[in-house]
Amino acid sequence: MKVLITGAAGNLGSILARYLIANDTCRLRLMVHRRDVAEDLKVAGRTEIVHADLGRPETLGAAVDGIDVVVHFAGVLFKANPERFLPTTNTAYFRNLVDTAGLHGVPKIILISFPHVEGPTSFDHPARGRLDGSPISVHARTRLDEERYLLANVSGAVSLRVGMVYGRGVLMVDAARWLAKRRLLGVWREPTQIHLISKVDFCAASAAAIASDSANGIYHLGDEGKVTLQETLDLACDRWGAARPWRMPLPLIYGAARMSELVSRVTGLASPLTRDFLDIGRVSYYGDTTRMRNELLPVMRYPTIYDGLETL
């Protein structure tokens, strides 16, 4: 099996690539745009690197030609005013990929999505794979548009709605640890229900979706635990030997996001915090993982964050 990973130089894309290489499950074609992949992903006879631009469909043919499965991670993050570019860099660019893959006869495309696309959900009312949600954030709205286009146009369409992935090497977790060690980590006071999944279980479920001939439709990837964002950060800080996060008023955090975006616009540097990140982050989300457990990952390595604390 030959698998194309878009966004292979990014965080989760590179994590999945390392897992697939280590488990010797397939041959990988790693698609990059401006930034190259890490050197350890360049394995002779196992991986190949292809440069392509999702905004230029004429460059995508060489990336998808001869591919059995596309796994799509690529996107633009950490940039001010995402409402100005995400309808293009998420929705329109993904359509370019889907259309080009169709012309080259690619039978399966896997979109890495998230449960936020159904709007606010909870432990008692989980996301169930619906496409008629009304999400708040631009990130979620444009990703929902991607899901709809994929499922309407590809017979072998799979959307993996992934909860919050945790573990060493996950960008947001590493950033939280860096901030916590310096007493800079803060979170809003209102409890936010979230759905977690360990890095190992995320990779195992994704690999199962890649390998399965019958995988189709929407799967929610998450563990069996029920925790809030605030509880998760407290547990992580205890594990790291750092003080627990400051509980901060939400308007203060939005103010920091506005300042971060302003600096990004003026300097052209990345914005580690945006108002849209807060819009998506402060909404509770939880998914029904019945299909994942039945079809992809019957047994999890880390069923809850308490089992997976060692990975932090």
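Which residues make a nonpolar surface patch of about 380 Å²? Select Met259, Leu262, Val263 and Val266, and you have it on screen. A patch here takes residues with over 30% relative accessible area and no salt bridge, joining nonpolar side chains (Val, Leu, Ile, Met, Phe, Trp, Tyr) within 5 Å and like charges within 9 Å. Methionine 259 sits in helix α8, residues 250-267, and it counts as exposed because its relative accessibility is 51%. (Exposed means over 50% relative accessible area, buried under 20%, and partly exposed in between, with a 1.4 Å probe and protein chains only.)

A word on ground rules: this is a predicted model, where local features need pLDDT of at least 70 and side-chain atom pairs count only at pLDDT 80 or more, while totals for chains, interfaces and linings use all residues. Numbering runs from 1 along each chain as its sequence is written, and side-chain values use heavy atoms, leaving out hydrogens and water.

Now zoom out to the whole protein chain. Colour it by secondary structure to find 11 helices and 13 strands; these are DSSP runs numbered from the N terminus, with helices (H or I) of at least four residues and strands (E) of at least two. The C-alpha trace spans about 50 × 45 × 40 Å along its principal axes. Of the 312 residues, 55% count as buried. The accessible surface comes to about 14,000 Å², and 54% of that belongs to carbon and sulfur atoms; such areas come from the Shrake-Rupley method with a 1.4 Å probe, and for residues only the protein chains shown count as cover.

Next, pick isoleucine 15 in helix α1, residues 11-23. Is isoleucine 15 buried or exposed? Buried, with a relative accessible area of 11%. Leaving aside residues up to four places away in sequence, isoleucine 15 touches Gly169, Val170, Lys199 and Cys203, where contact means heavy atoms within 4.5 Å. Try the distance tool too: isoleucine 15 and phenylalanine 202 are 187 residues apart in sequence, but 9.8 Å apart in space, C-alpha to C-alpha.

Time for charges. Side chains of opposite charge can pair when their charged atoms come close. With a salt bridge defined as a side-chain nitrogen of Lys or Arg within 4 Å of a carboxyl oxygen of Asp or Glu, the count comes to 19. Here are some stops:

- Lysine 2 and glutamate 48 meet at 2.9 Å, N to O. This pair links strand β1 (residues 2-6) to strand β3 (residues 47-51), 46 residues apart. Lysine 2 counts as buried at 16% relative accessibility, whereas glutamate 48 is partly exposed at 30%.
- Arginine 128 and aspartate 288 meet at 2.7 Å, N to O. They are 160 residues apart, with arginine 128 in the loop between β5 (108-113) and α4 (138-153), and aspartate 288 in the loop between α9 (275-281) and α10 (290-296). Arginine 128 is exposed at 55%.
- Arginine 143 pairs with glutamate 146, their closest N and O atoms being 2.9 Å apart. These two are 3 residues apart in helix α4, so about one helical turn separates them.

Last stop: the cysteines. How many disulfides are there, taking a disulfide as a pair of cysteine sulfur atoms within 2.5 Å? The count is 0. From cysteine 26, the nearest cysteine sulfur is that of cysteine 203, 12 Å away. Cysteine 26 is buried at 7% relative accessible area, and cysteine 237 is buried at 0%.

Technical notes
A disulfide is a pair of cysteine sulfur atoms within 2.5 Å.
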